[in-house]
Amino acid sequence: MADAAHPAIAFRTVEKWYGTRDQPVHALAPTDLAVAEGEFLVLLGPSGCGKTTMLRMIGGLVEPTSGEIAIEGHSLWRGGQRQARALQDLGMVFQDANLFPWMTIAENIALPLELKGVPKAQRMRRAEELMALVGIAGFGKRWPRELSGGMRQRAAIARALSYDPRILLMDEPFGALDAMTRETMNLELQRIWLETKKTVVLVTHSIAEAVFLGDRVMLLSPRPGRVDQVLKVPFARPRAPDLQSGAEFQAIVRSLRQRLTEIS
Ligand SMILES: Nc1ncnc2c1ncn2[C@@H]1O[C@H](COP(=O)(O)OP(=O)(O)OP(=O)(O)O)[C@@H](O)[C@H]1O
Ligand SMILES: [Mg+2]
């Protein structure tokens, strides 16, 4: 169990510069962040402001230039070395499902477990459970190409949840989907989050999606990214699609859109 005294994710003056062939790129200005256990945080901001960089730093894929990142109270990096212990808590979903075309859906979902040496029967049982959770029960023997984009994203979410990480990181997971499918996936993600009680950090370009899904929405300024504002979303759960036509919802979306236009 995590220590209740520690947030699920903590940034202490985390800064990122990328070294490039010409000029170094200042992607993220020194940033503090605390994401509570079980919270749903959404990152919103203009293109290139460092959202993916933040998410990849949380996921241990990119090392901060300075500052400290702690996952469930454990430092992610020590002396340039990534700490395996902190990584066990993380699962990631990207814009593209990134399924291996030569593996069935069940094999794709169970792959992280296979890499961990979980026996086949056990990991196939887990894959069945996860397919039911994300709403693709019965599709385990299909190939990725036989599924729709929305179903492939469901499989990607299932794969990220396979080893039951405490934290789920999602980088524009529904960006490539049509509007209808995307709305369904928002509802499904909310349901999965309510059922599994994961801590979620989601990056999106859709302001409505951010407000519909988030407990808090963090708005980042253009590069180098810094926190412009953090908005607490006041709506109870579960949230229904109707919420989006309400005056309060639309007022929040409008104010975020206005701020985003001002700073972009
Ligand atoms: N590996 C890298 N090497 C050099 N520069 C990078 C690298 N990755 C990102 N950058 C730069 O850092 C800045 C932030 O990039 P990042 O991908 O985090 O932005 P983003 O907010 O996710 O943008 P988008 O909304 O377009 O996905 C950009 O200027 C980008 O060009
Ligand atoms: Mg990005």
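**Entry 1: helix α1 and the ground rules**

I take helices (H or I, at least four residues) and strands (E, at least two) as DSSP runs, numbered from the N terminus. Just after α1, I found Gly60 with a positive phi of about 80°. The model is predicted, and I kept to these limits: local features need pLDDT of at least 70, side-chain atom pairs count only at pLDDT 80 or more, and totals for chains, interfaces and linings use all residues. Residues are numbered from 1 along each chain as its sequence is written, chains are lettered from A and ligands numbered from 1 in the order in which they are written, and side-chain values use heavy atoms, with hydrogens and water left out.

I then checked how well α1 is covered. Of its 8 residues, 6 are buried, and the helix is mostly covered. Buried here means under 20% relative accessible area, exposed means over 50%, and partly exposed lies in between (1.4 Å probe, protein chains only). The buried residues of α1 are Lys51, Thr53, Met54, Leu55, Met57 and Ile58.

**Entry 2: ligand 1**

Which residues come nearest to ligand 1? I noted Ser47, Gly48, Lys51, Thr53 and His205, out of 15 residues around the ligand. A residue is near if one of its heavy atoms lies within 4 Å of the molecule or strand.

For elements, I found that β2 (25-35) and α1 (51-58) each supply at least two residues of the shell. The most comes from α1, with 3 residues. By class, I list the shell as 5 nonpolar, 7 polar and 3 charged residues. The classes are Ala, Val, Leu, Ile, Met, Phe, Trp, Tyr, Cys and Pro as nonpolar, Asp, Glu, Lys and Arg as charged, and the others, Gly among them, as polar.

Next I looked up polar contacts, that is, pairs of N or O atoms within 3.5 Å; within protein, one must be able to donate a hydrogen and the other to accept it, and residues adjacent in sequence count only if both atoms are side-chain atoms. An N or O atom in the side chain of Lys51 lies 2.7 Å from an oxygen atom of ligand 1. For the side chain of Arg223, the distance from an N or O atom to a ligand oxygen is 2.8 Å. A polar backbone atom of Cys49 is 3.2 Å from an oxygen atom of ligand 1. Ligand 1 taken alone exposes 630 Å², of which the protein buries 66%; the areas come from the Shrake-Rupley method with a 1.4 Å probe.

**Entry 3: His26**

I found His26 in strand β2. His26 is buried, at 18% relative accessible area. Its side chain makes a polar contact of 2.8 Å with the side chain of Glu15. A polar atom of the His26 side chain also lies 3.5 Å from the backbone oxygen of Leu28.

**Entry 4: largest pocket**

I read its space as about 520 Å³. A pocket is an open set of points on a 1 Å grid over the protein atoms alone, where a 1.4 Å probe fits, with protein on both sides within 12 Å along at least five of seven lines; lining residues have an atom within 4 Å of a point. The lining has 18 residues, and those closest to the centre are Leu90, Met92, Pro112, Arg159 and Tyr163. I found that β8 (90-93), α3 (105-115) and α5 (149-161) each give at least two residues to the lining. By class, I count 11 nonpolar, 4 polar and 3 charged residues there.

Ala158 also sits in α5. Is Ala158 buried or exposed? I have Ala158 as buried, with a relative accessible area of 0%.

**Entry 5: backbone exceptions**

Most residues other than glycine have a negative phi, and most peptide bonds are trans. I looked up the exceptions below.

- The bond from Arg223 to Pro224 is cis, with omega near -5°; Pro224 lies in the loop between β11 (216-220) and β12 (227-232).
- Arg237 and Pro238 are joined by a cis peptide bond with omega about -10°, and I place Pro238 in the loop between β12 and α8 (247-263).
- Asn98 has a positive phi near 55°; this residue lies in the loop between β8 and α3 and is partly exposed, at 46% relative accessibility.
- Lys197 has a positive phi near 55°; I found Lys197 in the loop between α6 (179-196) and β10 (199-203), where the residue counts as exposed at 65% relative accessibility.

Technical notes: Points joined across faces, edges and corners; volume = space filled by probe spheres on them.
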